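Please keep the sequence and the structure at hand while reading.

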Amino acid sequence: MNTAAVKQNIALAPPSKAGDAAFKLLAWGMAMMVFVMMALLGWELFQGSRLCLRQFGWRFLVQTDWNPVRGEFGALPFILGTLVSSILGLLIALPLSVAAAIYLTELAPRWMRSPAMALIEMLAAIPSVILGLWGMVVMVPWLKAGPYPLLQKAFGFLPVFGGHINGPCILSAAVILAIMIVPIITSISREVFRAVPDSQREAAFALGATRWEVTRLAVLKGSSRGIFGAAMLGLGRALGETMAVTMVIGKSTVIASSLFAPACTLASGLATEFGDATDDLYVSALFELGLVLLLVSIVTNVLAHLLVGAVGAPKHARPA
Amino acid sequence: MNPPLDKRRKAISAAASALCLLCALMVILPLALILFHLARLGAGAVDWNFLTRLPNDGGMANAIVGSFVLVALAVLLGVPVGVLGGIYLSEFGTPRLTWAVRFGADILNGTPSIVWGILVYALVVVPMKGASAYAGGLALGLIMIPLVLRTTEGMLAMVPDSYREAALALGIPKWKSVLHIVLKTAGKGVVTGILLACARVAGETAPLLFTASGNQYWSHSLSEPIASLPRQIYTYSNAPYNTLHRQAWAGALVLVLFVLAFSAGVRVLTRGSNSPLAK
């Protein structure tokens, strides 16, 4: 064979299948890491909490006493603290975020919309520990001096606003959580509103509706599902927030009726107690707190993603 | 037409608009306050000493370097796995599998970061009998994987199919066309996604608490505990001394500048393109 023929042979050789197969397998393996990571999370947390599961069973979830010294472990203070602080935080954040999103998609002058959104996303980029530091040093003393006594004066007859006012308390945690989840709810609500076709707005304008009526009838009416999804995503974030909450919630494992009392959440309990845990049952109980936190956040996130669905979440995620 | 009713409707519209504006301002207010206090309390405490000395000399040099080391370790794990996984979804995956992986990655992105810390504690810290930079890097890397995977997939999906078809028509093997043509075309977007993921994990504290732990001195080996900025800020903020609080604010200012520089860099990188990251 002369060299010309060899060259031609090479030129005509079909692309190698082996390279493709190997590359595809490699990429497949990496994509499957997602499922491996999920399985690992579930398995390791379950393994770690076995001792506690055997000892307490389902009672762990409803028992109110958490006393590591006496070997009593009940998760209820943590579960309640997580739910109350997150839901309160959501209640504060949701109306603000939706209104801000309305302003940024429907009402604001055009030149202002994307810089304002950039600012809100900047808030999402601030690390949790820094929000916690700010909350602890600046926000909590201010809340304790001003708004909290006013709240107590107005609603003190309700047990939730009664009792001694602590700076670091479950309400402070709710406020810091609200600040942290505002960006994600605003940005998803904005996506939801932007997905509404302009023809709907134009139709409403043509009927003589005012700007607000257009927003209410043409935009808000069909967006409830998307907003609900955004709220669930925000809730998911709030449930797992660790550092900022740990720094302003005051750390107490006693269930109190007042929002001005210190409390704890699943995540903050893990952050403060994991390092101190020495005996096996204590460590195991903390693992089970982690397992509960994982399950709660998975359920919330699955619901949220099914609701938001086609609209799609923004790419930014907030640090915790 | 009914003039009084019209007037009322217009008034309601104006009031609602004003209320929405007020809410938008209230949403931005915390950011302004945080940046203000960071500048006021942090700027005075950041000096050459702070950036170059160890904690016992009033510095945070080891924590700054430690944060870079941890993020670098996280990149070593998170980038190859995330990018290749994203390539699989966009170039090879069947619709159903793609949906499942995407959904799984979204769920992992929503998993509280402290849970990752506990996983790595059980997987690495317990068998190695101690906290280490490896463990911290692994925890951050695991958080990075789903982030990078999702952005990579989104970026690759924007490369027009005609590029892939042109490559195939030239007889180029698919793996080469993916790496040299598709990935290269989407390169800027993919890098952007990686930078955002770095900015995100650089600020993480919770997953480092029991994995990288902390260190008041230089770490001489990756199997030793290592200091990190967020962790150091947390430790100092719990301390009862004003000098340490000042240091915490200084550390916070440095950390925020890093994180915002990353995000700002991303904005510059993606300006003018129609990338979904450049919103």
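Does N62(B) count as buried or exposed? In this predicted model, local features need pLDDT of at least 70 and side-chain atom pairs count only at pLDDT 80 or more, while totals for chains, interfaces and linings use all residues. Residues are numbered from 1 along each chain as its sequence is written, chains are lettered from A and ligands numbered from 1 in the order in which they are written, and side-chain values use heavy atoms, with hydrogens and water left out.

N62(B) counts as buried because its relative accessibility is 3%, where buried means under 20% relative accessible area, exposed over 50%, and partly exposed in between (1.4 Å probe, protein chains only). The residue belongs to helix α3 of chain B, which covers residues 61-92; helices (H or I, at least four residues) and strands (E, at least two) are DSSP runs numbered from the N terminus. When neighbours within four places in sequence are set aside, N62(B) is in contact with L54(B), P55(B), N215(B), Q216(B), Y217(B), W218(B) and A227(B), contact being defined as heavy atoms within 4.5 Å.

V191(B), in helix α9 (residues 187-202) of chain B, counts as partly exposed because its relative accessibility is 43%. Between V191(B) and L269(B) there are 78 residues of separation in sequence, and their C-alpha atoms are 9.3 Å apart in space.

## The two chains

Chain B has 11 helices and 0 strands, and its pattern along the sequence reads α-α-α-α-α-α-α-α-α-α-α. The radius of gyration of chain B is 24 Å, whereas a compact globule of 279 residues would have one near 19 Å; the radius is taken over C-alpha atoms, and the globule rule is 2.2 Å times the number of residues to the power 0.38. The C-alpha trace of chain B spans about 75 × 70 × 35 Å along its principal axes, and 53% of its 279 residues are buried. Of the contacts in chain B with a separation of 6 or more, 76% are between residues 24 or more positions apart.

Chain A contains 14 helices and 2 strands. Buried residues account for 53% of the 320 residues in chain A, and 74% of its contacts between residues at least 6 apart in sequence join residues at least 24 apart.

## Where the chains meet

Between the chains, 83 residues of chain A are in contact with 83 residues of chain B. The area buried there is about 7,500 Å², with 82% given by carbon and sulfur atoms; buried area is the accessible area (1.4 Å probe) that two parts lose on being put together, summed over both.

The count between chain A and chain B is 1 salt bridge, a side-chain nitrogen of Lys or Arg within 4 Å of a carboxyl oxygen of Asp or Glu. This salt bridge joins the side chains of R9(B) and E213(A) at 2.8 Å, N to O. Helix α2 (residues 17-56) of chain A gives the most to the side of chain A that touches chain B, with 19 residues.
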